[in-house]
Amino acid sequence: MKINFISKIINYGLWQGADSLYIELNDSEFKVDYHSQNSDDLILNNSAYTKFINELKILTKHQKLDSGSSIYFKINTPINTRTVCLTSIAGKEHKYLIKVIEPNSTSWRLSKLAINSDKLKTIKAHLKKENNQGLIIVSSARREGKTSTIQAIAQEIKDLNLNILSLGKINDQIPYIDKDNKWLHKIDSQELISALNKNQAQIIINDLEDDNIIKALIEYSLNSDKLIISTLKADSSKDAWSQLLKYQKDKGLTKKINFILHQKLFKRLCPHCQAKAQHNSYEKRDLDNLSLKYNLKDVKENSYISSGCEKCQHSGYIKKVPAFEILSFQNPHLNSSSLLSDAYNKQQLGIISANDLLNITKI
Ligand SMILES: [Zn+2]
């Protein structure tokens, strides 16, 4: 069923934190009012009006939708497939209320990071396991964005009522040692390990990219029954894996690594000035090669570009969005598809540009 336009309108709201919206139609205007204070509303032209009506006809199978009655349908978001309820509202103008129904099982904070919902469920179940121990790594090539992932994981663990301790301050809810890292900065591994041994916390979380601390934590994960969650600088999940093995040659480590969550941030296309991208022949060739090489559907098919407007300070981009991959040898059910395929799904929804997708494969 082709409801690309309605999907995009809803996805735009979801990305701004709104899960419901009003749509108002009159002859010349198509108005979208998102139910979130921080969201920008949209006023679109006649062609949007026509697209909406055509897609609504598909959804209602050409039946008139009486005032007060609703239809349910599914849309794809970068995170999962969601059920949407569209209700017709009485009034002089055509007015519709659209609500996205959030499945309870995914309503936890990591979901805000745009990880696939099935993966979220398995990660959450994994964190919940009794006697969980070993190592979980959050890796990326650059520091930016990793902290939000670590914070989200820490908050989830806190919500599970597990005893957690962070090295350095992550937020006000999580107990920490050494708020400003002054002591941690010059600590040796023996001191750190004895401090951790004295602490009751079952889970230790580290956001500091200090080689000595990471090395000490890896060693500690081998010899204790605690669960260590740490960041690591790496170019891919596989790179993180080989780095860990270099840090610690002990073969026992492979059994201790729960999983590696690798991420990369992409510039997020501005939704206000977005249009279908017209690629030149060179870009077309490169994008075709990309599709072929990584077995993706035609990348050009749903390719968007933002030309720049006041909302994005004429840059065409607003904020950033991560793409993820999860690697686990011990727990194969946690493995995800590649970071590239996650990024591709986001590109197809107009969240990142085809050229930015192309750039990651050139590294
Ligand atoms: Zn813009």
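Reply: Helices (H or I, at least four residues) and strands (E, at least two) are DSSP runs, numbered from the N terminus. The model is a predicted one: local features need pLDDT of at least 70 and side-chain atom pairs count only at pLDDT 80 or more, while totals for chains, interfaces and linings use all residues. Residues are numbered from 1 along each chain as its sequence is written.

Me: How many helices and strands does the protein chain have?
Reply: Using those DSSP runs, you can go along the chain and count each kind. The protein chain comes out with twelve helices and 15 strands.

Me: What percentage of the residues count as buried?
Reply: A residue is buried if 20 or more other C-beta atoms lie within 10 Å of its own, exposed if 12 or fewer, and partly exposed in between, with C-beta atoms placed from the backbone. The protein chain has 363 residues, and its C-alpha trace spans about 75 × 50 × 35 Å along the principal axes. The share that counts as buried is 33%.

Me: What span should helix H1 have at 1.5 Å a residue?
Reply: The expected span is 1.5 Å times one less than the number of residues. H1 covers residues 4-15, which is twelve residues, and its end C-alpha atoms are 16 Å apart.

Me: Which residue with a positive phi follows H1?
Reply: H1 has several buried residues, including Ile6, Ile9 and Trp15. Among the elements covering them are strand S1 (20-25), helix H2 (46-60) and strand S5 (81-89). After H1 comes a residue with phi near 90 degrees, glycine 17.

Me: Which residue of S5 is the bridge partner of serine 70?
Reply: S4 and S5 run antiparallel and are joined by seven bridges. A hairpin through four residues connects S4 to S5. Tyrosine 72 stands opposite cysteine 85 in S5, and the partner of serine 70 is threonine 87.

Me: What percentage of the contacts with a separation of 6 or more is between residues 24 or more positions apart?
Reply: Two residues are in contact if their C-beta atoms, placed from the backbone, lie within 7 Å. Take isoleucine 205: leaving aside neighbours within four places in sequence, its contacts include Ile150, Ile170 and Ile229. Across the protein chain, residues 24 or more positions apart account for 62%.

Me: Are H11 and H12 roughly parallel or roughly antiparallel to each other?
Reply: Axes are lines fitted to C-alpha atoms, for helices over the stretch in contact, and angles run from 0 to 180 degrees between N-to-C directions. Helix H11 (residues 339-348) and helix H12 (residues 354-362) pack at about 170 degrees, with axes 9 Å apart. Angles under 35 degrees count as roughly parallel, over 145 as roughly antiparallel, 65 to 115 as roughly perpendicular and the rest as oblique. So H11 and H12 are roughly antiparallel.

Me: Is lysine 61 buried or exposed?
Reply: Lysine 61 is in the loop between H2 and S4. Its phi is near 50 degrees, a positive value in a residue other than glycine. Because lysine 61 has 7 C-beta neighbours inside 10 Å, it counts as exposed.

Me: And histidine 314, buried or exposed?
Reply: Histidine 314 lies in the loop between strand S14 (304-306) and strand S15 (317-327). Although not a glycine, histidine 314 has a positive phi of about 60 degrees. With 12 other C-beta atoms within 10 Å, histidine 314 is exposed.

Key:
Two strands pair if DSSP finds at least two bridges between them.
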